[in-house]
Amino acid sequence: SLTVSERMSRVMPSATSAVLGLAARLREEGKNVISLGAGEPDFDTPLHIKEAAIRAIHDGQTKYTAIDGTTSLKQAIQRKFERDNALDYGLEQILVSVGAKHTLFNLCMGVLSAGDEAIIPAPAWVSYPDMVRVADGIPVSIMTGIDSDFKILPEQLEAAITKRTRLLFLNSPSNPSGSCYTRKELEALGAVLLRHPNVVVAADDIYEHIHWGAEPFCSLVTAVPELKNQVVTINGVSKCYAMTGWRIGYAGGPAEVIKAMKTIQSQCTSNPCSISQVAATAALDGDQTCIAEMNAAYKARSDYIVEALNGIPGFECRRGEGAFYAYPRVTGALEARGLKDDFELVELLLQEAVVVMVPGSPFGTPGYVRLSFACSIEDLQESVRRIRSVLA
Ligand code: PLP
């Protein structure tokens, strides 16, 4: 038989695909499946963005562009960083990629050497550790939980950094917990990072605009400007403009790191889709009221679901400050039902409540489940009813 690379013994396919496969089967059987599994907005892409893309097709903007993105889009990104984050990046410090996932992948490939360590606070987005492994790096976890608001402390960070540490992932607001670091907390983490100038930080701000914390959102370099030469600030249009399918993400960072990422990209995808780049330019430069409208809907759903989940015996849920996920600790429910782990709870609720959620273990924190509230309030209410009756 044909063999695959040695690397493939370390890289896992998405751990959530098993649940989603089972959900698809139940749907085929005609079951009324409610999916709280997806990590994408339920809203449609705003009309003015779609129309810009349609015009781009008619205007013939359908050819290769510069590998790192068109100048128009990169200038719109400069304006966005200036407007929202008070950050000033030169055009050579910006790279446009095929979604923020691709941005993060380019970063791993661009900075990690074999055996380098990448610190990933848990819980974290499931793709970080496997991207690190593809790049022959070693993921190192810092554990957090509901009792610490899912945030790492400066002393935990200091203790996790070794001579081999090359990368730190910091995602705020967080997938899956919804936690968001305050400016003060970023300053404290920044003080540690300034002592370790060889550590590059991936500041994953993809949920920046899905945020309702008491304090305004603050990006890491905004809080600690001296870190500018150490941080790659990552963002994209997928979540805030409901543009997941268009595949545009971007980064601002130190020119030499951006250059390495661009070289990797040049040998992989070349430029991101030309039409999507025009759409992203329209999104960033256009009317921003769509963001506030969607954000108000997410906040109302968060208010509902957090309270409802806390009313389910064995569930404890913290109110997040952003993103569109609730991340309850369910150890009480596991004990009450004699279940082994969060995978078993997810499977039970899929079979008996026909509600899809994602187990917490793949995010690095067993004993939790993730529910997406990028769906209607009615679906959330019905899910809660079903979960309650199964666990009653
Ligand atoms: N970062 C985080 C934390 C995410 O949750 C996601 C998407 O799920 C991404 C990055 C990537 O988004 P995209 O590749 O659509 O820009």
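Tutor: Two strands count as a pair if DSSP finds at least two bridges between them. Keep that in mind here, where the model is a predicted one.

Student: In strand 8, which residue is the bridge partner of Leu95?

Tutor: Ala251 is the bridge partner of Leu95. Strand 2 and strand 8 (residues 249–252) are joined by four bridges and run antiparallel.

Student: In what order do the seven strands of the open sheet lie?

Tutor: The order is 2-8-7-6-5-3-4, and the pairing is mixed. Strand 2 (94–97) and strand 4 (138–143) are the edges; each has a single partner strand, so one side of each lacks a neighbour in the sheet. From one strand to the next, the twist averages 20 degrees.

Student: Which strands does helix 9 lie across?

Tutor: Helix 9 (residues 255–266) lies across strand 2, strand 6 (200–204), strand 7 (231–236) and strand 8. Its direction is at about 30 degrees to strand 2.

Student: What is the order of the open sheet of three strands?

Tutor: That sheet has the order 9-12-11, with antiparallel pairing. Strand 9 (325–326) and strand 11 (358–359) stand at its edges with a single partner strand each, so one side of each has no neighbour in the sheet. Two bridges join strand 11 to strand 12 (residues 369–372); in strand 12, Arg370 is the bridge partner of Val358.

Student: Which residue other than glycine has a phi near 60 degrees?

Tutor: Most residues other than glycine have a negative phi, and most peptide bonds are trans. Phe150 has a positive phi, near 60 degrees, and sits in the loop between strand 4 and helix 6 (154–160).

Student: Which residue does a cis peptide bond join to Pro123, and which to Pro173?

Tutor: Ala122 is joined to Pro123, with omega about 0 degrees. Pro123 is in the loop between strand 3 (117–122) and helix 5 (127–134). Ser172 is joined to Pro173, with omega about -10 degrees; the place of Pro173 is the loop between strand 5 (165–171) and helix 7 (183–194).

Student: Of the 13 residues around the ligand, which come nearest?

Tutor: Gly99, Ala100, Lys101, Gly236 and Ser238 come nearest. By class, the shell divides into three nonpolar, eight polar and two charged residues.

Student: Which residues does the UniProt domain annotation cover?

Tutor: The unreviewed UniProt entry annotates residues 32–387 as "domain: Aminotransferase class I/classII large". In the model, that span is 41% helix and 14% strand, and its end C-alpha atoms lie 14 Å apart.

Notes: Residues are numbered from 1 along each chain as its sequence is written. This is a predicted model: local features need pLDDT of at least 70, side-chain atom pairs count only at pLDDT 80 or more; totals for chains, interfaces and linings use all residues. A residue is near a molecule or strand if its C-beta atom, placed from the backbone, lies within 6 Å of it. Ala, Val, Leu, Ile, Met, Phe, Trp, Tyr, Cys and Pro count as nonpolar, Asp, Glu, Lys and Arg as charged, and the others, Gly among them, as polar. UniProt positions are given in the numbering used here, feature names are shortened, and annotations may be inferred rather than shown by experiment. Axes are lines fitted to C-alpha atoms, for helices over the stretch in contact, and angles run from 0 to 180 degrees between N-to-C directions. Two residues are in contact if their C-beta atoms, placed from the backbone, lie within 7 Å.
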